[in-house]
Amino acid sequence: MAEREGRPSPEALLAAAKQEGRGRLKIFLGAAPGVGKTYEMLLSAQARRRDGVDVVVGIVETHGRRETEALLDGLEVVARQQDDYKGHLLAEMDLDAILKRRPQLVLVDELAHTNAPGSRHPKRYLDVEELIAAGIDVFTTLNIQHVESLNDVIARITRIRVRETVPDSILDQADDIEVVDLSPEDLTKRLREGKVYVPQQAERAIRHYFSTGNLTALRELALRRTAQRVDEQLLSHMREHAISGPWPAGERVLVCVSEAPATAGLIRYARRVADHVRAPWTAIYVETARTQRLGNAERDRIADFLRLAERLGASTITIPGRNIAEEVVAYSTSNNITQIVIGKSDRSRWFEMVHGSVVHELVRKTGQISVHVISADDSEAPPPKSVQTRPTVEPFRMEAYLGSIGFTGVALGIGLLIKQVIAVQSISLVFLTAVLASAIAWGLWPSMFTAVVSMLAYNFFFLPPIYTFTIADPENVLALFFFLVVAVIVSNVTARARSQIVTARSRAKTTAELYAFSRKVAGIGAVDDLLWATAFQISSMLNVRTVLLLPAKDGEGLDVVSGYPPEDHLDDADMAAARWTWEHNRAAGRGADTLPGGKRLFLPLRTGSGSVGVIGIDRDVPGPLLTPDERRLLDALCDQAAVAIERISLAKGLDEARVLAETERLRAALLTSISHDLRTPLASILGTVSSLRSFPEKYGATEREELLATLQDEAERLNRFVANLLDMTRLESGAIELKIEFIDVAEIIGSALQRAGNVLAGHRVEVEIEPGLPMLRLDAVLFEQVLFNLFDNAAKYSPAGSRIDLRAKRDGELVEIEVVDEGPGIPPADFERIFNKFYRVQAQDRRRAGTGLGLAICRGFVEALGGWIVARNRRDRSGAVLTIRMPVVPEIDAARQPAMAHG
Amino acid sequence: MRLASRRWPMAKGNAVLVVDDEPPIRRFLRTSLAASDYRVVEADDAANAMRLLAAEKPDLVVLDLGLPDRSGLELIAEIRKTSTVPIVVLSARHDERSKVEALDLGADDYISKPFGMAELMARLRAALRHAFQAQGELPAFVSGDLTVDLVRRHVTREGQEVKLSPKEFDLLRHLVTHAGKVLTHRHLLREVWGPAQAEEVQYLRVFIRGLRQKLEPDPTRPTHILTELGVGYRLQLPPEQRA
């Protein structure tokens, strides 16, 4: 009995969480065509339909088999998408129609199918992944020979290599695998009866593919693969439920990747080994000095192999080093690798004796670790690239060869000159100099060319008989031979040094550019600037057109946010590719696996914490967009840009958080203030009223009058506070409708004084209005409120009985209105702050506590009316001065006034 | 005949229709008005108001502009189709537009919520008085130290004659004939200057300023010609008629 202990492993829980919301995948796996997978799938689908499941047929190929067709009866079939491709009418599954239809279960036949060019995904299994991701269950069929990791095994068994493969990961994703099994005899019988292919085809098929031996092998593979999957399911079930079991103890598999085409088979072998021992596995590539000399095709291949390994579930690593075997051993020991898979070298024994053999060295040095040396099948073509890159071709340069001839000419001239002066034997050294110069200037082939030309010239002009290509002295033949050998070696060595210099230079340039770019983006604080700089830099460094897309503000889809040259719109195909890239965090568009028909190539901008956006590039040249070097540079630039974008959005998030905190603080202040300001008068009102009602007999006329006065004062205070709150709300919500008219300042002041009568009752108010003040363009009601609040404020903050001055005068193009009190004044630090909401100067006595809104409203209103308001202290004595300044607008048409006055 | 000596038809027994959907407001108006010898009829919406208007024939209507079934402004227009009953509107502060609109539609006066009872009583009395003497023009107006003799076009302040331009006098006469009642800018401009000038509010302000210079003891704190911000002007009734 399994013992339950510990907690479920986090990986298992993560995987389970990922499964939620996804559709379920069931694969009907068969050993060969004709075993009845489609039939079985339809049978299950019919059963599900009877259970009330919403089943549709996405695509089912019946190949004219009658029993199969009969099973389609009653199932809804989604119409295929008709694509007219090069004159052929191709009918592909309509992915979008299915996604729109959203059935519970969709039937998709032949998982390994390759879609017609121009489809969203090049492969049908990618369509299926999208369906599952959308939460739709899928039934699909698959033949075992299409499984990627078994591909070369089956090719060896059947001698037929199947081009259409599906990655093993899709089998791992499957929630169910049902093996549709038929004994080889029955299958052959069915074939002969014409139930699978038409008779002639069938006969040929039986002879070539459907031999009993083949079928038995395929059948075994299908069953074994399924058993393996079942095993995995059991394991993952045990992990999920924290059932500890007999885990294979710490097996780890490492596969060594090289540029050899056979590496693909090696990787698949490693995957099988890893699966077999249920171990994690890693693909390693050691970057040595040799790597630098590899052609782009080889380097691309290495990258593709690593990607293949990743697809098959490996983690990959590239480490730099001097000696491959040493690095592999070092990595293996430090990472507890138990098995190493390496390809058998196809080099000659002679080569190995000179250069040493990595395999031998590895076997010698690994000690405890098992080494699998695999001879892989070379016949296989390199795997297709996931993003195609453009080969870099060293152009043929005529001038290099002409220059080489020039160098030889100069050497010849010098040689002839020397010969005139002194008789030396070693004129050949002069020619060697020419070879050296040529190698330094142009590299290997021009220098080899120089070596040959020099040899001919040396022979022709210096070796007797001169002016012929014949050589009399055998000693000279030997000299000439060694000359050539030395020249070739010198060429090689020098050219290699040169190419290393060139590589180093281009690396240095790339590094410098990257550094410049990262410095540039690091200093940018605004997203827009950053995006523009990124687009510009990438465009100019790679000589491409760039667009950048970020998720739209409303959370729906992507927006083009920048481009160089400026671009703000993408056509539908490109937009679809960009969205796909965003949603799946993988490259799409031109030259990629998905939507390769797009004009641009889209890549996700990724950081450690996820995607931040999408970049799209295109270029006028046909074919693949980028060379591998450019692709690597682009990746580096994208990483930089992504990090910078993330940094800015994080900073923005931080700012928003700060603003939010500030708002929260204000809200808290508001609540405190409101609850205090509302409750205080309410408490007095309720208290007073209840006293009056409860003990009417206790109060004489005077007391009663006093209580009633309190009642009225407090109610008025409450009223003022509510009015202030309303004003503030109107101000902040922008709900104020201004009614601007020419207003007589004196009239407004009078009106405000009248309204403030009660408030000002305890003070002496002196009004001083300069005669002949111009009318002001104002909203009378708002301005009166401003004056009222200023009076209220002055009365509140100055002792009873003191004097409040109101002065209005003209000052140039302004009218200045001052409210001056005899209170304690305002601390200079608060001159600005008193206009903030809910700010109150700390008063010694609590009774002065106001709403903290009055002056904020004043500022809001005055500014809305085109003026401004400031605070200062009196110079002659203590006291505050609040000054409003309003601009004078040219007054009404003066010519019409007298006419009216007398009219 | 001296205005001061005339006995006004006072509030005794006058029926007031209170139209407001807030029960607390109705309750407080009912108590206070009954205490001042008004007979109070209450309606909580426009439909009831129209019904009671026909049934009870009130002498005065106090109308809240916010009613549940239709707008108070519509109700004013409808009442004015059949009746000249004085209407005093209860309105919110800061809603000058509806105040002006209500007055233009034929309401006699308004009062902003919240209001004091004394103020409301003064408004009601002014409205009632105008209804009773709408036909005849007042021969004279006396308020404190100010006397206006409309027949002789003679104005004195503290016994001294005040010289007014013809337009100033026309404006003053208009204010005097509607003393105690708010007059909108539009109304004054139309009546004094003619319909063409109805929008030229600043002219009106110039003349009001002129009048105040001549009639008010302290023009910055007017006691006679009061400003109703955003709405218009009101000539203050003499203190004995306000109380």
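## Helix packing and salt bridges in a predicted model

In chain A, the axes of helix 18 (residues 428-442) and helix 20 (residues 474-522) come within 8 Å and cross at roughly 25 degrees. Angles under 35 degrees count as roughly parallel, so helix 18 of chain A is roughly parallel to helix 20 of chain A. The structure is a predicted model.

The crossing of helix 18 of chain A past helix 20 of chain A is right-handed. On the side of helix 18 of chain A, the contact is made by A:Ser428, A:Phe431, A:Leu432, A:Val435, A:Leu436, A:Ala439, A:Ile440, A:Ala441 and A:Trp442. Helix 20 of chain A contributes A:Phe483, A:Val486, A:Ala487, A:Val490, A:Ser491, A:Thr494, A:Ala495 and A:Arg498. Sorted by class, the residues in this contact of helix 18 with helix 20 of chain A are 13 nonpolar, 3 polar and 1 charged.

The second topic is charged pairs. Side chains of opposite charge can pair when their charged atoms come close. Over all chains, a search of the whole structure finds 51 salt bridges. The table lists some of them.

| Salt bridge | N to O distance |
|---|---|
| A:Lys26 and A:Glu178 | 3.0 Å |
| A:Arg803 and A:Asp805 | 2.8 Å |
| B:Arg26 and B:Glu42 | 2.9 Å |

In the salt bridge of A:Lys26 with A:Glu178, the closest N and O atoms are 3.0 Å apart. A:Lys26 belongs to strand 1 (residues 25-30) of chain A and A:Glu178 to strand 8 (residues 176-180) of chain A, so the pair ties together parts that are 152 residues apart in sequence. Buried means under 20% relative accessible area, so A:Lys26, at 18% relative accessibility, counts as buried. A:Glu178 has a relative accessible area of 24% and is partly exposed.

A:Arg803 and A:Asp805 form a salt bridge through their side chains. A:Arg803 is partly exposed at 29% relative accessibility, while A:Asp805 is buried, with a relative accessible area of 4%.

In chain B, the side chains of B:Arg26 and B:Glu42 meet in a salt bridge. This pair links distant parts of the chain, with B:Arg26 in helix 1 (residues 23-35) of chain B and B:Glu42 in strand 2 (residues 39-43) of chain B, 16 residues apart. B:Arg26 counts as buried at 14% relative accessibility, and B:Glu42 is partly exposed, its relative accessible area being 27%.

Salt bridges also join into a network, which links A:Arg545, A:Asp574, A:Arg600 and A:Asp618.

Conventions: Residues are numbered from 1 along each chain as its sequence is written. Chains are lettered from A and ligands numbered from 1 in the order in which they are written. This is a predicted model: local features need pLDDT of at least 70, side-chain atom pairs count only at pLDDT 80 or more; totals for chains, interfaces and linings use all residues. Side-chain values use heavy atoms; hydrogens and water are left out. Axes are lines fitted to C-alpha atoms, for helices over the stretch in contact, and angles run from 0 to 180 degrees between N-to-C directions. Helices (H or I, at least four residues) and strands (E, at least two) are DSSP runs, numbered from the N terminus. Angles under 35 degrees count as roughly parallel, over 145 as roughly antiparallel, 65 to 115 as roughly perpendicular and the rest as oblique. A crossing is left-handed if the near helix is turned anticlockwise from the far one by less than a right angle, and right-handed if clockwise. Contact means heavy atoms within 4.5 Å. Ala, Val, Leu, Ile, Met, Phe, Trp, Tyr, Cys and Pro count as nonpolar, Asp, Glu, Lys and Arg as charged, and the others, Gly among them, as polar. A salt bridge is a side-chain nitrogen of Lys or Arg within 4 Å of a carboxyl oxygen of Asp or Glu. Buried means under 20% relative accessible area, exposed over 50%, partly exposed in between (1.4 Å probe, protein chains only).
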